[in-house]
Amino acid sequence: MTLIKSISGIRGTIGGAVGENLTPIDAVKFASAYGVWLKQQRNKDTHKVVVGRDARISGEMIQNLVMNTLVGLGIHVVDLGLSTTPTVEVAVPMEHADGGIILTASHNPKQWNALKLLNSKGEFLNGAEGAKILEIAESDNMSFADVDSLGKITKNQAYIDMHIDEVLNLPLVNKKAIEDAKFKVVVDGVNSTGGIAIPLLLERLGVHPVKLYCEPNGQFPHNPEPLKEHLTDLSEAVVKEHADFGIVVDPDVDRLAFMDEKGEMFGEEYTLVACADYVLSETPGNTVSNMSSTRALRDVTEKHGGTYEASAVGEVNVVELMKRNNAIIGGEGNGGIIYPELHYGRDALVGVALFLSLLADKKMSVSTLRASYPNYYMSKKKIQLTPSLDVDGILKTMETEYAHENLTTIDGVKIDFADSWVHLRKSNTEPIIRIYTEAPSQNEADTLADKIISEIEAVANI
């Protein structure tokens with residue numbers, strides 16, 4: 001069992017020992033630290049935090065602990081109940097709140113949960129802010145409100161609809177063209193809040209949704225990470241229903257993947273590529289993705305006359321570089337679309353609306369659309385961490401070994417070859433080393449990944 005305390009939040013498995021898992025004590029401790037930090041940032045009489053959760057079995061318990069901890073600090077809470085990560089992000093500025101907390105462990109299995117922490121803009125905290133919260137949590141230097149100064153909880157379950165309103169009001173969302181196209185789409189909501197939000201969005205756009213695992217009960221019917229090997233049922237349903245394509249999201253609806261009309265994956269990496277292609281065709285500009293994302297975004301950006309740059313892995317790093325470079329769209333290759341016209345956060349709802357607008361404009365099948373983009377193949381592998389594994393030493397050795405190649409070391413080590421690349425980094429969310437490779441064929445990508453893993457094993461004697 002695991003508890004991961006990082007600058008991006010607190011994530012762990014439910015049950016077990018305090019300090020080693022995400023227990024009620026740990027949830028209260030870190031919610032308290034966040035509330036204390038929040039009050040330090042904004043010196044005023046009252047404070048407000050927006051709280052929402054995905055449909056995990058532990059979600060209601062953790063949310064109640066977190067909300068009542070904030071109440072104990074004298075902070076008012078807006079309870080969104082079942083929601084999505086991007087919906088909470090949108091709600092924070094709309095509520096003029098001081099921050100937000102999302103209870104979700106993203107793509108991790110059902111035994112996991114987490115506190116994702118937002119600032120007053122509805123954006124994830126930066127490294128210094130996250131580190132300060134960890135410091136407060138470990139210091140136990142917290143003071144709670146007296147009985148006359150307790151916060152209050154207000155329920156507001158309208159925000160998914162309000163979020164959809166904001167998406168539909170975007171100038172580039174071509175509602176008429178989408179409605180005229182009469183699309184039929186299968187939606188795999190992995191029995192979480194995507195099963196609420198995505199069908200509602202599709203119906204508002206005049207699309208006929210076929211619901212698959214859209215009951216938000218937290219009983220994930222398959223591994224919730226939206227990868228090909230987990231999506232056999234979606235593939236079969238798309239073909240059986242003669243649907244135009246399939247949609248799958250992760251439990252908190254910030255990752256988005258498509259399946260074509262033949263039941264084949266469009267490619268999670270190509271979600272951002274397609275949405276950027278549409279946005280750039282209408283409003284030329286620059287793009288950003290993280291270092292582990294496909295080169296195809298660079299190619300599409302340059303085709304439209306823009307400039308592409310890569311950030312360190314992590315949504316906050318992507319957002320920071322997007323702001324610096326005035327990027328008009330960006331995100332991560334895991335299917336995370338960030339469209340600043342709406343907000344600076346990964347958002348599957350806006351991704352669906354932009355993708356539908358692109359399809360309605362192109363008037364082509366999803367498989368034909370995929371064939372129109374540069375073809376790269378990616379391999380994603382991992383090495384489990386152990387106490388004896390010297391990750392920094394491994395990365396330094398690989399950096400020295402490949403010093404003659406084009407290297408980037410802002411986040412682990414990325415080695416750029418002429419027609420391929422490899423990125424090695426320690427994960428922020430799991431106790432693993434991630435190894436990403438990309439090449440012109442799947443065989444080349446897998447071979448490169450296996451070669452790098454063999455070299456790491458030799459260095460580490462494993």
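E269 forms a salt bridge with K380, the closest N and O atoms being 3.3 Å apart; by salt bridge I mean a side-chain nitrogen of Lys or Arg within 4 Å of a carboxyl oxygen of Asp or Glu. E269 belongs to helix 9 (residues 269-282) and K380 to strand 16 (residues 377-384), so this pair ties together parts that are 111 residues apart in sequence. Helices (H or I, at least four residues) and strands (E, at least two) are DSSP runs, numbered from the N terminus.

Before I continue, a word on the source. The model is a predicted one, in which local features need pLDDT of at least 70 and side-chain atom pairs count only at pLDDT 80 or more, while totals for chains, interfaces and linings use all residues. Residues are numbered from 1 along each chain as its sequence is written, and side-chain values use heavy atoms, with hydrogens and water left out.

To return to the opening pair: E269 is buried, with a relative accessible area of 9%, whereas K380 is partly exposed at 41%. Buried here stands for under 20% relative accessible area, exposed for over 50%, and partly exposed for what lies in between, with a 1.4 Å probe and protein chains only.

How many salt bridges does a search of the whole structure find? The count is 28. Two further pairs deserve attention. R346 and D254 meet through their side chains at 2.9 Å, N to O. R346 sits in the loop between strand 15 (336-338) and helix 12 (348-362), and D254 in the loop between strand 10 (245-249) and strand 11 (256-259), so parts 92 residues apart in sequence are tied together. Both of these residues, R346 and D254, are buried. They also belong to a network, in which salt bridges that share partners join K116, D252, D254, E315, E332 and R346.

The other pair is D98 with R42, a salt bridge of 2.8 Å, N to O. It links distant parts of the chain, 56 residues apart: D98 is in the loop between helix 3 (85-94) and strand 5 (99-103), and R42 in the loop between helix 1 (24-41) and strand 3 (48-53). D98 counts as buried at 2% relative accessibility, and R42 as partly exposed at 32%.

I turn now to the helices. Helix 9 is mostly covered, with twelve of its 14 residues buried. Among them are Y270, L272, A274, C275 and L280. In helix 7 (residues 194-204), the buried residues are G194, G195, A197, I198, P199, L201 and L202. What covers them includes helix 5 (159-168), strand 8 (184-188), strand 9 (208-212), strand 10 and helix 12. After helix 7 comes G206, with a positive phi near 80 degrees.

Next, the interior. A nonpolar core is a set of buried Ala, Val, Leu, Ile, Met, Phe, Trp, Tyr and Cys residues joined through side-chain atoms within 4.5 Å. Which members of the largest core, of 57 residues, touch the most others? They are I247 and F355. Helix 12 gives the most to this core, namely eleven residues. Leaving aside residues up to four places away in sequence, F355 touches F245, F258, F266, A274, C275, V366 and L369; such a contact requires heavy atoms within 4.5 Å. Apart from this core lies another, of 29 residues, including F30, Y34, V71 and A137.

On the cysteines I can be brief. The search finds zero disulfides, a disulfide being a pair of cysteine sulfur atoms within 2.5 Å. For C214, the nearest cysteine sulfur is that of C275, 19 Å away. C214 is buried at 12% relative accessible area, and C275 is buried at 0%.

Four strands form an open sheet in the order 13-12-14-15, with mixed pairing; two strands pair if DSSP finds at least two bridges between them. Strand 13 (308-311) and strand 15 stand at the edges with a single partner strand each, so one side of each has no neighbour in the sheet. From one strand to the next, the twist averages 20 degrees. Strand 12 (residues 286-290) and strand 14 (residues 327-332) run parallel, joined by four bridges. T287 has I329 in strand 14 as its bridge partner. Helix 10 (residues 296-303) packs on the sheet, touching strand 12 and strand 13, and its direction makes about 175 degrees with that of strand 12. For these angles, axes are lines fitted to C-alpha atoms, for helices over the stretch in contact, and values run from 0 to 180 degrees between N-to-C directions.
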